[in-house]
Amino acid sequence: MPQILKDEVRNRIVEAAKREFMENTYERTSMRNIANRSNITVGNLYRYFTSKEELNQFIVRPALEKLQELVLKISNNQVDILNMENISLTSSQMRDMLDSLADGVVDIYSRHRIEMNILMMRTNINKYLVDWFTEAIASIIANNFAINKDLPSVKLLGRVYAESVFSGFITMLKNSTVSNDQLKKLAKLYMESYVDMMDLDLIDKLKGELV
């Protein structure tokens with residue numbers, strides 16, 4: 001008769017994994033270290049979670065679900081971070097979302113700080129979010145300048161913007177020593193600056209180079 005999985009052991013594993021990820025990064029964390037920290041065998045650990053990635057996803061799911069709820073709410077269900085095929089934005093639409101987006105992300109971070117920090121590590125979920133953001137920015141560029149968002153040049157520009165925005169926002173959250181209200185204002189200013197760049201004449205001048 002198989003051993004019944006125990007909630008207490010699962011919770012111990014999750015807490016040990018959080019500490020390992022935060023102290024050693026995702027890449028340097030091993031299932032063996034998590035097992036040792038949980039005071040269980042590696043074999044028993046694999047009965048609860050089949051891989052480090054599955055364990056990581058279990059930990060960050062509450063924060064990811066909150067982000068999904070936030071984006072769906074402020075976009076009136078038009079933008080879905082779990083569906084890269086359903087993205088159609090203009091810069092004005094993105095600008096309209098910025099206040100609520102900045103407020104919401106900072107609030108989620110304040111309530112799920114550890115989970116959000118782990119979510120923002122270089123994992124498959126992190127890569128997916130950057131890929132999604134790349135698609136969103138490429139959509140904004142394409143809609144603003146009436147060009148095909150699937151052009152390699154538009155995709156590349158979207159990728160550069162997405163990675164720089166994402167990296168900067170992570171740095172802002174992790175290193176902030178200001179109040180949540182001040183952080184919300186800074187987050188809005190930071191994100192708005194990138195939307196402003198996509199409205200500049202510079203990109204319009206580059207339109208001929210993108211197509």
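## Histidine 112 and its surroundings

Pro62, Ala63 and Lys66 are the residues that histidine 112 contacts once its neighbours within four places in sequence are set aside. In this predicted model, histidine 112 occupies the loop between helix H5 (91-111) and helix H6 (113-119).

## Overall architecture

The protein chain contains 10 helices and 0 strands. Followed along the sequence, its pattern is α-α-α-α-α-α-α-α-α-α.

The protein chain has 211 residues, of which 45% count as buried. Among contacts in the protein chain with a separation of 6 or more, 69% come from residues 24 or more positions apart. The accessible surface of the protein chain amounts to about 11,400 Å², and carbon and sulfur atoms contribute 52% of that surface.

## Helix H8

Helix H8 covers residues 152-175, a run of 24 residues. From its first C-alpha to its last, helix H8 reaches 34 Å, close to the 34 Å expected at 1.5 Å a residue.

Which residues in H8 are buried? They are Val154, Gly158, Tyr161, Ala162, Val165, Phe166, Phe169, Ile170 and Leu173.

Aspartate 131 belongs to helix H7 (residues 124-145). With a relative accessibility of 15%, aspartate 131 counts as buried, because the cut-off for that class is under 20%.

The side chains of aspartate 131 and arginine 159 are joined by a polar contact of 2.6 Å. In sequence, aspartate 131 and arginine 159 are 28 residues apart; in space, their C-alpha atoms are 7.7 Å apart.

## Aromatic pairs

The count of aromatic pairs comes to 3. One of them is edge-to-face and is formed by phenylalanine 49 and phenylalanine 58. The centres of these two rings are 5.3 Å apart, and the angle between the planes is 65 degrees. Phenylalanine 49 counts as buried, at 1% relative accessibility, whereas phenylalanine 58 is partly exposed, with a relative accessible area of 30%.

Tryptophan 132 and phenylalanine 133 form a pair whose ring centres are 6.4 Å apart. Their planes lie at 10 degrees, so this pair is stacked; the angle qualifies because planes under 30 degrees apart count as stacked. Both tryptophan 132 and phenylalanine 133 are buried.

## Charged groups over rings

The charged end of arginine 10 sits over the ring of phenylalanine 49, at 5.5 Å from the ring centre.

Lysine 52 and tyrosine 26 provide a further example. Here the charged end of lysine 52 sits over the ring of tyrosine 26, 4.4 Å from its centre.

Serine 38 is part of helix H2 (residues 31-38). Is serine 38 buried or exposed? At 1% relative accessibility, serine 38 counts as buried. A polar atom of the serine 38 side chain lies 2.7 Å from the backbone oxygen of isoleucine 34. Apart from its neighbours within four places in sequence, serine 38 is in contact with Arg12, Ile13 and Ala16.

Asparagine 39 lies in the loop between H2 and helix H3 (42-48). Asparagine 39 is exposed, its relative accessible area being 66%; this class applies because exposed means over 50%. Although asparagine 39 is not a glycine, it has a positive phi of about 60 degrees.

## Threonine 25

A positive phi also occurs at threonine 25, where the value is about 70 degrees although the residue is not a glycine. Threonine 25 lies in helix H1 (residues 7-28). What is the relative accessible area of threonine 25? The value is 34%, and threonine 25 is partly exposed.

Methods
Residues numbered from 1 in each chain as written. Predicted model: local features only at pLDDT ≥ 70, side-chain atom pairs only at ≥ 80, totals over all residues. Heavy atoms only, no water. Helix = DSSP H or I, 4+ residues; strand = E, 2+ residues; numbered from the N terminus. Contact = heavy atoms within 4.5 Å. Buried < 20%, exposed > 50% of the residue type's maximum accessible area, 1.4 Å probe, protein only. Polar contact = N/O pair within 3.5 Å; in protein donor to acceptor, adjacent residues only side chain to side chain. Areas by Shrake-Rupley, 256 points an atom, 1.4 Å probe, with all protein chains shown as cover. Expected span 1.5 Å × (residues − 1). Phe/Tyr/Trp six-rings, centres within 6.5 Å; stacked < 30°, edge-to-face > 60°. Lys NZ or Arg CZ within 6 Å of the ring centre and 35° of its normal.
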